[in-house]
Amino acid sequence: MNHHPILSPPPRRVSRIVLLGLATLGLAGAVLVVRRPLMMAAPMCLSGRWHGCLGTFNGVVLVTLVTLPLAALVAWVPARRRRAAGVTSAWRMSLAEVGMVHGTVPFLWMTMMPGAGAGVVPARVSLVPLRDLLTMGPLGIAGNLLIFATLGFFAPMRFAALASVPRILALGAACSVLVETAQYVLRLDRVSSVDDVLVNATGAVLAALASRRWWRTTANAPSDHPRPAPAPAC
């Protein structure tokens with residue numbers, strides 16, 4: 001009997017399929033969990049009552065999920081141009097650019113939503129580390145971890161200068177300080193806490209570590225300029 005060897009798919013292709021499957025399952029699970037709150041905001045968004053839609057957490061999350069195909073289309077346009085120009089990692093760079101914006105702006109919008117006593121309650125500051133973690137609760141901690149997680153995930157993939165853990169930590173902390181300062185200055189009825197800065201920066205670092213396998217490619221081709229064509233041999 002002749003035994004023919006069974007050709008297995010390349011390891012890189014298998015890993016991509018596994019990651020895509022896990023991401024799909026994770027997204028489907030998240031939608032399943034939040035489907036009821038999202039459906040509560042759907043009538044306001046569909047009827048054009050944007051104040052009631054974009055003025056609630058559920059409405060912002062719903063709009064973010066619905067506009068995912070549009071974000072993919074926006075990423076496709078520069079990716080196609082870069083591939084035509086011979087840029088390496090064209091898709092990765094374009095997805096990173098769009099992902100940083102699409103995944104960070106909604107969380108910033110929710111963070112800057114005014115509370116019930118905005119403009120009336122005096123601005124509050126908490127500068128004692130780890131004191132507010134107990135009052136945040138699991139949901140609050142998870143939300144703070146996600147604010148700059150997308151930025152931390154995609155920034156080192158797009159910019160070689162940010163491809164290090166200390167720089168992502170500094171980026172997340174600096175962005176968080178700006179947000180906390182804006183909340184204090186605008187008197188949004190929110191506590192500007194040093195714990196928010198710590199948790200936000202930690203979320204950016206954890207997300208960056210998840211994309212670390214792609215940093216080296218970004219460092220090898222950080223620019224948008226196509227590679228020069230080799231000189232003809234004499």
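# Helix packing and burial in a predicted model

Ser 94 has a relative accessibility of 0% and therefore counts as buried, where buried means under 20% relative accessible area, exposed over 50% and partly exposed in between, with a 1.4 Å probe and protein chains only. The model is predicted, so that local features need pLDDT of at least 70 and side-chain atom pairs count only at pLDDT 80 or more, whereas totals for chains, interfaces and linings use all residues. Residues are numbered from 1 along each chain as its sequence is written, and side-chain values use heavy atoms, with hydrogens and water left out.

**Overall architecture**

The secondary structure of the protein amounts to ten helices and two strands, both taken as DSSP runs numbered from the N terminus (helices H or I, at least four residues; strands E, at least two). Read from the N terminus, these elements follow the order α-α-α-α-α-β-α-α-α-β-α-α. The protein has 234 residues, of which 30% count as buried. When contacts (heavy atoms within 4.5 Å) are taken between residues at least 6 apart in sequence, 74% of them join residues at least 24 apart.

**The H4–H5 pair**

Helix H4 (residues 68–84) packs with helix H5 (residues 90–111) at an angle of about 145°, and their axes are 8 Å apart; the axes are lines fitted to C-alpha atoms over the stretch in contact, and angles run from 0 to 180 degrees between N-to-C directions. On the H4 side the contact includes Ala 75, Pro 78, Ala 79 and Arg 82, while the H5 side includes Ser 94, Leu 95 and Val 98. By class, the residues of this contact divide into twelve nonpolar, two polar and three charged.

Ser 94 has its place in helix H5 and, once neighbours within four places in sequence are left aside, is in contact with Ala 75, Pro 78, Ala 79 and Arg 82. Leu 95, which also lies in helix H5, touches Ala 75 and Phe 154 when residues up to four places away in sequence are not counted. The C-alpha atoms of Leu 95 and Phe 154 are separated by 8.2 Å, although the two residues are 59 residues apart along the chain.

The loop between H4 and H5 contains Ser 89, whose phi is near 55°, a positive value in a residue other than glycine.

Why is helix H7 (residues 149–158) described as largely enclosed by the rest of the structure? Nine of its ten residues are buried, so the rest of the structure largely encloses this helix; among the buried residues of H7 are Thr 150, Gly 152, Phe 154, Pro 156 and Arg 158.

Glu 180 is found in helix H8 and touches Val 191, Ser 192, Ser 193, Asp 196 and Val 197, not counting residues up to four places away in sequence. For Glu 180 and Val 191, which are eleven residues apart along the chain, the C-alpha atoms are separated by 8.1 Å.

Arg 187 is found in the loop between H8 and strand S2 (191–193), and its phi is likewise near 55°, a positive value in a residue other than glycine.

**Accessibility of selected residues**

The table gathers the accessibility of residues discussed above.

| Residue | Relative accessibility | Class |
|---|---|---|
| Ser 94 | 0% | buried |
| Glu 180 | 8% | buried |
| Ser 89 | 26% | partly exposed |
| Arg 187 | 35% | partly exposed |
| Leu 95 | 42% | partly exposed |

Methods
Nonpolar A, V, L, I, M, F, W, Y, C, P; charged D, E, K, R; others polar.
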